[in-house]
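Open the structure in your viewer and keep the selection tool at hand.

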Amino acid sequence: DEGSGAILGRAGLRAAILAHDGLAPRTDLTDELRAGFDDDPAAAVLWARTATPRDYGAQAPLIIAHADKGDPVALGLLGEATAMVA
């Protein structure tokens, strides 16, 4: 299911790491996602090595909350997920 919470959470984490590297926009969402890993992309990558779909899915409510506030990255992630479901 390409529109699942796990897919959405994984995409959010990817966006946060890309933003850290200056390769994608930095927003409140990407900042908050990175803060969950002490702003350390290496810590996020280590976490991802053993993360389950449920772990990734736990990020989905944060992405949705930021989309409700108009965060452009969150809106883009939700748009992609919606397009995949459609």
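A crossing of two helices is called left-handed if the near helix is turned anticlockwise from the far one by less than a right angle, and right-handed if it is turned clockwise. Keep this in mind while looking at the model, which is a predicted one.

**Stop 1: helix α1**

Select residues 5-20, which form helix α1. This helix has 16 residues and reaches 22 Å from its first C-alpha to its last, close to the 22 Å expected at 1.5 Å a residue. Now colour its buried residues: Ala 6, Leu 8, Gly 9, Gly 12, Leu 13, Ala 15, Ala 16, Ile 17 and Ala 19. What covers them? The cover of the buried residues of α1 includes α2, α3, α4 (53-57), α5 and α6 (72-85). After α1, go on to Gly 22, where phi is positive, near 75°.

**Stop 2: α1 against α3**

Is the crossing left-handed or right-handed? α1 passes α3 in a left-handed crossing. To see the contact, show the side chains of Leu 13, Ile 17 and His 20 in α1, which meet Pro 41, Ala 44, Val 45 and Trp 47 in α3. By class, this contact has 6 nonpolar residues, 1 polar residue and no charged ones.

**Stop 3: α2 against α5**

Hide that pair and select residues 28-35, helix α2, together with residues 60-68, helix α5. Their axes come within 10 Å and cross at roughly 155°, so α2 and α5 are roughly antiparallel to each other. Here α2 passes α5 in a right-handed crossing. On the α2 side, pick Asp 28, Leu 29, Glu 32 and Leu 33; on the α5 side, pick Leu 62, Ile 63 and His 66, which they meet. The residues of this contact divide into 4 nonpolar, 1 polar and 2 charged.

**Stop 4: His 66**

Finally, centre the view on His 66 in helix α5. Is His 66 buried or exposed? Its relative accessible area is 5%, and buried means under 20%, so His 66 is buried. Leaving aside residues up to four places away in sequence, His 66 touches Asp 28, Leu 29, Glu 32, Asp 71 and Ala 74.

Note on methods
Residues are numbered from 1 along each chain as its sequence is written. This is a predicted model: local features need pLDDT of at least 70, side-chain atom pairs count only at pLDDT 80 or more; totals for chains, interfaces and linings use all residues. Side-chain values use heavy atoms; hydrogens and water are left out. Axes are lines fitted to C-alpha atoms, for helices over the stretch in contact, and angles run from 0 to 180 degrees between N-to-C directions. Helices (H or I, at least four residues) and strands (E, at least two) are DSSP runs, numbered from the N terminus. Angles under 35 degrees count as roughly parallel, over 145 as roughly antiparallel, 65 to 115 as roughly perpendicular and the rest as oblique. Contact means heavy atoms within 4.5 Å. Ala, Val, Leu, Ile, Met, Phe, Trp, Tyr, Cys and Pro count as nonpolar, Asp, Glu, Lys and Arg as charged, and the others, Gly among them, as polar. Buried means under 20% relative accessible area, exposed over 50%, partly exposed in between (1.4 Å probe, protein chains only). The expected span of a helix is 1.5 Å times one less than its number of residues.
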